[in-house]
Amino acid sequence: MAEEDIYTKDGTVDYRNKPANKKKTGTWKACPYILGNECSERLAYYGMSTNLVLYFKNQLNQHSATASKNQSNWSGTCYVMPLLGAFLADSYLGRYWTIAIFSIIYVFGMTLLTISASVPGLKPTCYEKDKCHATNGQTSVFFIALYLVALGTGGIKPCVSSYGADQFDDADPIERNHKNSFFNWFYFSINVGALVASSLIVWIQQDIGWGWGFGVPAVAMALAVVSFFSGTRLYRYQKPGGSPLTRICQVVVASFRKYRIALPADKSLLYETAAEAESAIQGSRKLAHTNELSFFDKAAVKLESDENRGSINNWRLCTVTQVEELKSVIKLLPIWATGIIFSTVYNQMSNMFVLQATYMDTHLGKFRIPEASLSVFDTVAVILWVPIYDRMLIPFVRKFTGHKNGLTQLQRMGTGLVISVFAMVSAAIVEVVRLGIVRRHNYYNTTNVPMPVFWQIPQYMIIGCAEVFTFIGQLEFFYDQAPDSMRSLCAALSLTTTALGSYVSSFLVTIVTDISTRNGKPGWIADNQNRGKLHYFFLLLAILSVLNFFAFLAVAKRYKYKKAINKDNAAMVPADDK
């Protein structure tokens, strides 16, 4: 191997801030620590969130609709906060220190959550099992802890997947190919943690107590921190490139300042740094010029007045790479928007599916199955589908498509959107059958309707299958299409679809409840679901999912993949093909 081939070409460095040595850093030898961190963190998150709607309802004594909205709002906040974490990572701290700092905040939040559910005076007063009352002070402490966790996860979520992908050199064809598999196994590790959470942790919460039920995830989060720090010497580090939001604003301002200036016919005359492959943005490769959104190219038109100033004013003159950063983000937005309804569907697993299960037979012999533990089947589906997709489906589909990954990233995402429709239809069918039993046998005033909760398994399994296509495809797509210096920000952008999905779910519940409870009716989402019409809500989501899929087809057809320029000054082949 030649001397120059020993080091990575994507600008990464080792923990001593020296060029990263390919043999000693990164690739799969660094990934176990990152995957271990993610597995433990997700165990903590799902161990707390999976059953949260029942904690709101039974421990804090909230109505079904209120509990549903509070769960959705908190979940949404967890996926909005990554915008803050991503900004700090890309601009100042780097991904490593952002993960480290916010992981510690997360541990503090989980510890306070455990205290609020176990210490007398802070935990709700219960008169019998699942019939409790909480004071305003007790509720406040619980929500403070809950939103500390939201802040902590906000710093971790946008950085971990990007940080893991940073361990593979984009300029090395072999490592780049491994990166495609990394996202599959990253999502696999998420669901290993979720599997333990939705089975063991949910059982502890329901049968042993909420103090232990929150305490075990708190310990898991502490283990996540230990796992992450253990790999410090093996990691590759991408240097923060300064505020991406500032650079975006500079392009917008410079473009409008020159809105009357004509663009040159020869686009090679647009301003760019002279160095062969070094971008003016630290840690970022150059981006090749594209013809879309040409108005913003005006920011890279160099005038005599710019040259006479001596030094470059970035609010007047921007490089082509800086302009293409803005274009890349704008082009991602339509694809991003189509992920919101999918996330709304996904949110139902810890929301309406759990409420539906509370009115079904949850007994297996003498053993009572916690309602929220049915989400284990979503996790099982993901764990089964990831290796099937990675090892079997890709080689099989490749024979027909000729594409190295079987399906393009956008095709993969679209497939998941189609599958998600069937999850909502399945949930609606289950509810129709359940209400039929209620009507025939007059079970209106009982929660234990003699219909096994295992009828819910298909709806969970279908969502799990859809996740493998859409969520993993989305992770890979947003990382791949993001400029080097904005990968955490774009990862956070992809996560905000989950946030907005939760908020849309909360909004839909508010609208549906307002309309369906008029004239004294119990409504679609009633406190007594035997008198409600929850299947209408599921069918509404199915219809929205179909409309969303056609919107996705329209925007995906027009999308063009980015091109980056490596150190040999040759344009990279786009990460994917349409």
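# Notebook: buried charges, helices and a surface patch

Entry 1: I began with Arg434, which counts as buried because its relative accessible area is 0%, where buried stands for under 20% relative accessible area, exposed for over 50% and partly exposed for what lies in between, with a 1.4 Å probe and protein chains only. The model is a predicted one, in which local features need pLDDT of at least 70 and side-chain atom pairs count only at pLDDT 80 or more, while totals for chains, interfaces and linings use all residues. Residues are numbered from 1 along each chain as its sequence is written, and side-chain values use heavy atoms, with hydrogens and water left out.

I then looked up the partner of Arg434 and found a salt bridge with Glu431, the closest N and O atoms being 2.9 Å apart; a salt bridge is taken here as a side-chain nitrogen of Lys or Arg within 4 Å of a carboxyl oxygen of Asp or Glu. Both residues sit in helix α14, 3 residues apart, which is about one turn of the helix; helices (H or I, at least four residues) and strands (E, at least two) are DSSP runs, numbered from the N terminus. Glu431 is buried too, because its relative accessibility is 0%.

**Entry 2: a network of charges.** I noted next that salt bridges with shared partners join Glu38, Glu41, Arg42 and Lys157 into one network. Within the structure I count 16 salt bridges. As a reminder to myself, side chains of opposite charge can pair when their charged atoms come close.

For Glu38 and Arg42, the closest N and O atoms of the salt bridge are 4.0 Å apart. Because these two residues are 4 residues apart in helix α1 (residues 27-49), about one helical turn separates them. Glu38 counts as buried because its relative accessibility is 0%, and Arg42 is likewise buried, with 1%.

**Entry 3: Thr153 beside Arg42.** Which side chain makes a polar contact with that of Thr153? I found the side chain of Arg42, at 3.3 Å, a polar contact being a pair of N or O atoms within 3.5 Å, of which, within protein, one must be able to donate a hydrogen and the other to accept it, and for which residues adjacent in sequence count only if both atoms are side-chain atoms. Thr153 belongs to helix α5 (residues 136-165) and is buried because its relative accessibility is 1%. Apart from neighbours within four places in sequence, Thr153 has contacts (heavy atoms within 4.5 Å) with Glu41, Arg42, Cys78, Tyr106 and Pro158.

**Entry 4: Arg247 and Glu325.** I looked up another salt bridge, between Arg247 and Glu325, with the closest N and O atoms 2.9 Å apart. This pair connects distant parts of the chain, Arg247 lying in helix α8 (residues 244-257) and Glu325 in helix α10 (residues 320-337), 78 residues apart. Both Arg247 and Glu325 are buried.

**Entry 5: Ser116.** I placed Ser116 in helix α4, where the residue is buried, with a relative accessible area of 2%. Its side chain reaches the backbone oxygen of Leu113 at 2.8 Å. Not counting residues up to four places away in sequence, Ser116 touches Tyr55, Leu122, Lys123, Pro124, Val141 and Phe142.

Entry 6: Beyond its neighbours within four places in sequence, Ser161 is in contact with residues including Phe182, Phe183 and Leu475.

**Entry 7: two asparagines in loops.** I checked phi and found that Asn442, although not a glycine, has a positive value of about 55 degrees; this asparagine lies in the loop between α14 (409-441) and α15 (457-481) and is exposed, with a relative accessible area of 58%. Asn519 also has a positive phi without being a glycine, here of about 60 degrees, and is found in the loop between α16 (487-516) and α17 (534-558), exposed at a relative accessible area of 77%.
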